[in-house]
Amino acid sequence: MHLLSVERVSKSFSEKILFENVTFGVESGDKIGIIGVNGTGKSTLLKVIAGIEPADSGTVSMGRSVKLRMLAQDPAFALNETALEHVLGGDSPQLRAVRELADVTAALESNAGDAALQQRLISANQRMDELDAWQMESEAKAALSKLGIHQYDELVSTFSGGQRKRVAMAAALLQPSDILILDEPTNHIDNDSVAWLEGMLQKRKGALLMITHDRYFLDRVSNRVIELDQGRAYFYEANYSRFLELKLEREERESASEAKRQNLLRNELAWIRRGAQARSTKQKARIDRFEALKAQTPKQAAGKLDVSVSSTRLGKKILEAEHLMKSLGGRALIRDFNYIAVPEDRVGIVGPNGSGKSTLLKLIAGKLVPDAGRVELGPTVNLGWFSQEHEEMNESLRVMEYIRESADQVKIADGSTISAGQMLERFLFPPNTHWAVISKLSGGEKRRLQLLRVLMGAPNVLLLDEPTNDLDISTLSVLEDYLDDFPGVVLTVSHDRYFLDRTVDRILAFEGDGVITQHEGNYSEYREREAAREKAEVAAAAAASAAKPAANVPRTDGKERALKMSFKEQRDYEQIDGWIAETEEALKGVAQRMEEASSDSVRLQQLSSEQEQLEAKLDQLLERWTELNELAELIAANKKQ
């Protein structure tokens, strides 16, 4: 089903052309990833499509019945609105029914004998039955929980910016729309939340347009890619892996075409220089052809980022953390942490949002003081700190002024010295941007500028706090290559699974209550081991539960304790039907994708592995469902005795 048409849309910012003559259509089921270097206009294109910004020329048309929803970078909320109220605030019949039931139930608490309210309650219950809306509230809470929001009834106005965006994302996912637009949906959410979001979007039936620099996410969710490059849009019917192959083929064709044009131009130039006179029609036509060939000069290719910055020598003693302790707000974030860095250490730091990952980096950088223990740096250590926020940037400065605060000249890897301006050009900041005010740059350009300043300091120990936030894929690829050859130590907090797999060989995992465990290998290897451990624990718990006597439990004082569910068992009992349905739906989706990928052996192998994991998960859930229902029957029978 055709949902939306973009016809010859163009947009400029000041003298810079962001994109021109962009034309494409969106069909139901399209999952389109938009990629390109920071500053090429990706977010602006989404805003034009959503009607938030006008195009300079061209049209965006959409059917009257088509509902479009966009998750903005800075979402708006109603005054005194709670997280759950915002998520349930859509205008679908199911959500209206849920709100009506909640309003009537609240009114009856203070007016239990009101006949009119009781009649409204009956009608509200009937409406919920008709629309099959009973799961909506639990689904809203589940979505918030998966995105790290557990304070359902707290005012959104008290949340941080990252928390507010996650609440808005839960609403965007739950509230129905034909076209969903997401701008950097994986920023500021942890690895488990990214994996959950990935699954939700894979199952989603409507169309999706998104900007993301998470390559695993893009590869697994998208089926089309739009690349913005030097004002032009290129279209690929592919996920990210296939896009890379097709882009390489396109660039090779363009390179061959340009080489052929250059050869023709050289031949025509030689003929012109021999003194040919434009007396005949034939000669004049040849001169015209020469002029036409000169006019065909292609648009300048996208620049290549160069981060060949030197680093300073690192001594034997690098970094030691001993019995490190830190609490904030009465909660232990880091408890008895010990670590000794060795040359060329590559350490990834993972864990839920708010668990203390950034706090650990700040303790190492000396920006926070530990409650106990010590952090000691070697005498030759030169720290490079790349924070996840822009709070250390004075955005009133101009680009050149900001860079010159670090160095006016910089030594690069080959030993030569270049100026700050030349370094800016290597980082894809053309000369006309060198004296621009930083506040005028895009979010991604600010991050790239911040990274340049860090590297210009020639660090030998790099602390990277969410380095993938807002950096485009091209910059990330070059940063990864730079880290391959970096002779120092790297500690990085990141939720980008691809980046972690590409750059680290050890994981520090925040497990809760201040406990940090160390694991050898990259992130995928760590997750595989954790999944196997969790599976073994579930099996052991099921076996132990099956071995329990089906009777009241005797106490040490000779009396019997009433049989009842634990908090975890009660929670699982209430939610397990939804988990089973979700897993069955995921299996259907995998089966459908296997049919579609019948000719792609690599993709089939990936899907087969995913299918096996889902089937194992479903078996475990069904065992747990049987166990919990048997326990519920025992409790019910016990109460009757």
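User: What makes the largest nonpolar core a core, and which residues have the most contacts inside it?

Analyst: In this predicted model, the largest nonpolar core has 50 residues.

User: What does L197 touch, not counting residues up to four places away in sequence?

Analyst: L197 touches M169, L173, P185, I189 and F217 on that count. A contact means heavy atoms within 4.5 Å. Apart from this core there is a second, separate core of 34 residues, which includes M400, L451, V454 and L476.

User: Why is E569 called buried?

Analyst: E569 has a relative accessible area of 13%. Buried means under 20%, so E569 with its 13% is buried. The place of E569 is in helix α18, residues 567-596.

User: Which residues does E569 touch, not counting residues up to four places away in sequence?

Analyst: E569 touches K564, R624, L628 and L631. For one of these, L631, the separation from E569 is 62 residues in sequence and 9.4 Å in space, C-alpha to C-alpha.

User: Why is G578 called partly exposed?

Analyst: The relative accessible area of G578 is 33%. G578 is found in helix α18. G578 and E139 are 439 residues apart in sequence, yet 8.4 Å apart in space, C-alpha to C-alpha.

User: Where is E344 found, and what is its phi?

Analyst: E344 is found in the loop between β11 (331-340) and β12 (346-350). E344 has a positive phi of about 65° although it is not a glycine.

User: How many cavities of 30 Å³ or more are counted, and what lines the largest cavity?

Analyst: The count comes to one cavity of 30 Å³ or more. The largest cavity has a volume of about 50 Å³. Its lining consists of E184, T186, N187, H213, D214, T468, N469, L476, H495 and D496.

User: How do the residues of that lining divide into nonpolar, polar and charged?

Analyst: They divide into one nonpolar, six polar and three charged. Leu counts as nonpolar, so L476 falls in the nonpolar group. Asp and Glu count as charged, so E184, D214 and D496 fall in the charged group.

User: What share of the chain is buried, and how many helices and strands does the chain have?

Analyst: Buried residues make up 43% of the 641 residues in the chain. The chain has 19 helices and 22 strands. Among contacts with a separation of 6 or more, residues 24 or more positions apart account for 67%. The accessible surface comes to about 33,000 Å², of which 50% belongs to carbon and sulfur atoms.

Notes
Residues numbered from 1 in each chain as written. Predicted model: local features only at pLDDT ≥ 70, side-chain atom pairs only at ≥ 80, totals over all residues. Heavy atoms only, no water. Core = buried A, V, L, I, M, F, W, Y, C linked by side-chain atoms within 4.5 Å. Buried < 20%, exposed > 50% of the residue type's maximum accessible area, 1.4 Å probe, protein only. Helix = DSSP H or I, 4+ residues; strand = E, 2+ residues; numbered from the N terminus. 1 Å grid on protein atoms, 1.4 Å probe; cavity = no way out; pocket = protein on both sides within 12 Å on 5 of 7 lines; lining within 4 Å. Points joined across faces, edges and corners; volume = space filled by probe spheres on them. Areas by Shrake-Rupley, 256 points an atom, 1.4 Å probe, with all protein chains shown as cover.
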